[in-house]
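This report describes selected features of one structure, arranged by topic. Please consult the sequence and the coordinates alongside the text.

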Amino acid sequence: MSRIVIALGGNALGDTPAEQRDRIAAAAPSLVGLIAQGHEIIVTHGNGPQVGAINLAFDLASAHSDRIVPVPLPECTAMSQGYIGYHLQQGILAELHRVGMPWHVATVVTQVIVDPDDPAFDHPVKPIGAFYDQATARERMAAEPGLAMVEDSGRGWRRVVPSPRPVEIVERESILNLLDHEFIVIACGGGGVPVVRDSGGDLHGVPAVIDKDFAAAALAEAVGADVLFILTAVDRVSTGFGTPEQRDLDELDLDTARALAAAGQFGAGSMLPKVEAAVQFAASGPGRRAVICSLEQAPQAMQGRSGTVIHGGAGAV
Ligand SMILES: Nc1ncnc2c1ncn2[C@@H]1O[C@H](COP(=O)(O)OP(=O)(O)O)[C@@H](O)[C@H]1O
Ligand SMILES: NC(=O)OP(=O)(O)O
């Protein structure tokens with residue numbers, strides 16, 4: 001029996017509630033299949049498109065009505081945890097019911113402590129929200145001082161926000177308690193709501209979006225997981241991504257993964273954090289491994305027939 005943390009990419013969840021529901025319904029059999037094989041699963045998810053859409057919706061609505069106010073990023077992440085967790089609970093429960101398994105599913109609204117002095121606050125790199133063409137991105141940046149946008153892995157231009165590293169999962173004990181009582185737990189959605197602790201011990205949200213891949217690695221370490229699955233929109237990690245020389249990788253040892261990352265082979269804000277998070281987790285204990293693969297190919301990846309495995313060395317896979 002393995003304890004497996006599964007991270008679902010925000011982009012892989014689609015752009016609309018209907019798409020999200022469909023993609024989760026498609027993923028649910030492989031998630032529940034893991035439990036049928038005797039494994040324990042903890043699900044986490046991204047929220048890049050969703051948190052950007054929620055934030056923009058309140059900004060646009062507040063520009064047109066004095067009855068609506070803009071909503072800060074931490075509150076937007078908390079809303080995205082509820083909305084995505086709701087669909088995950090429904091999709092997983094439907095599949096559990098279909099196969100006659102009496103498990104429970106619960107979403108934990110999760111706060112994650114970050115360092116207020118994290119240099120990431122001065123260098124926004126995390127893409128959120130919709131994709132724009134270059135001309136529209138330039139117009140938006142000219143109209144909104146302080147708005148930063150970058151090109152994201154050949155898919156278009158997106159707003160970027162600060163993305164500090166996760167330091168501590170506030171609700172860790174609640175998550176462990178639910179796991180001990182046969183719950184499928186959904187936690188650390190959108191990387192967790194980023195919070196800082198003041199000198200009196202109280203927590204306060206900060207305007208940032210934590211990368212869910214780093215939060216997933218932190219969650220996997222915190223719950224003593226054996227495997228970290230990072231599910232996204234591509235089947236494998238590649239070198240020469242998007243070029244005629246693209247080569248898809250079946251496996252990576254830690255040194256090779258670090259060397260390719262240093263050589264700039266992985267998109268900043270997209271594939272790079274996944275590889276870095278996978279390396280962090282695979283290096284955190286003997287026998288631990290991470291797999292990066294697509295949502296659609298997850299069942300094959302569970303059997304070693306798809307995805308890129310990142311592992312600590314020979315014999316570790
Ligand atoms: N070297 C690479 N190999 C594979 N995909 C890459 C690479 N570099 C950048 N990418 C892009 O990164 C994307 C995954 O990041 P992203 O969309 O941010 O993930 P998420 O699914 O977590 O939202 C892939 O779909 C692909 O477009
Ligand atoms: N919070 C986060 O990393 O979301 P994505 O996976 O959607 O980028």
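The structure discussed here is a predicted model. Around ligand 1 there are 18 residues, and the closest are G9, N11, F241, G267 and S270. By class, the shell around ligand 1 comprises 11 polar and seven nonpolar residues, with no charged ones.

Q246 itself is located in the loop between strand 13 (238–239) and strand 14 (247–248). Is Q246 buried or exposed? With 11 other C-beta atoms within 10 Å, Q246 is exposed, because the limit for that class is 12 or fewer.

## Strand pairing

Strand 10 (residues 193–197) pairs with strand 4 (residues 111–113) in the parallel sense, over three bridges. In this pairing, P194 of strand 10 stands opposite V112.

Strand 10 is also joined by three bridges to strand 11 (residues 203–205), and these two strands run antiparallel. Here V195 is placed opposite G205 of strand 11. The hairpin of strand 10 and strand 11 has five residues between the strands, and in it G201 adopts a positive phi near 95°.

## Helix 8

Helix 8 covers residues 271–282; at 1.5 Å a residue its 12 residues should span 16 Å, and this agrees with the 16 Å separating its end C-alpha atoms.

The buried residues are M271, P273, K274, V275, A277, A278, V279, Q280, F281 and A282. They pack against helix 6 (212–222), helix 7 (254–262), strand 12 (227–232), strand 16 (289–294) and strand 17 (308–311).

In soluble globular proteins, nonpolar side chains tend to be buried together. The largest nonpolar core of this model contains 81 residues, and those with the most contacts inside it are V5, I6, A216, L219, L228, I230 and A278. Helix 3 (residues 73–99) supplies the largest share of this core, eight residues.

Which residues does A216 touch, not counting residues up to four places away in sequence? The contacts of A216 are V5, A7, T44, C188, L228, I230 and A277. A277 is also one of the buried residues of helix 8.

Terms used
Residues numbered from 1 in each chain as written. Chains lettered and ligands numbered in written order. Predicted model: local features only at pLDDT ≥ 70, side-chain atom pairs only at ≥ 80, totals over all residues. Pairing = 2+ DSSP bridges. Helix = DSSP H or I, 4+ residues; strand = E, 2+ residues; numbered from the N terminus. Near = placed C-beta within 6 Å. Nonpolar A, V, L, I, M, F, W, Y, C, P; charged D, E, K, R; others polar. Expected span 1.5 Å × (residues − 1). Buried ≥ 20, exposed ≤ 12 C-beta atoms within 10 Å, placed from the backbone. Contact = placed C-beta atoms within 7 Å. Core = buried A, V, L, I, M, F, W, Y, C linked by C-beta atoms within 7 Å.
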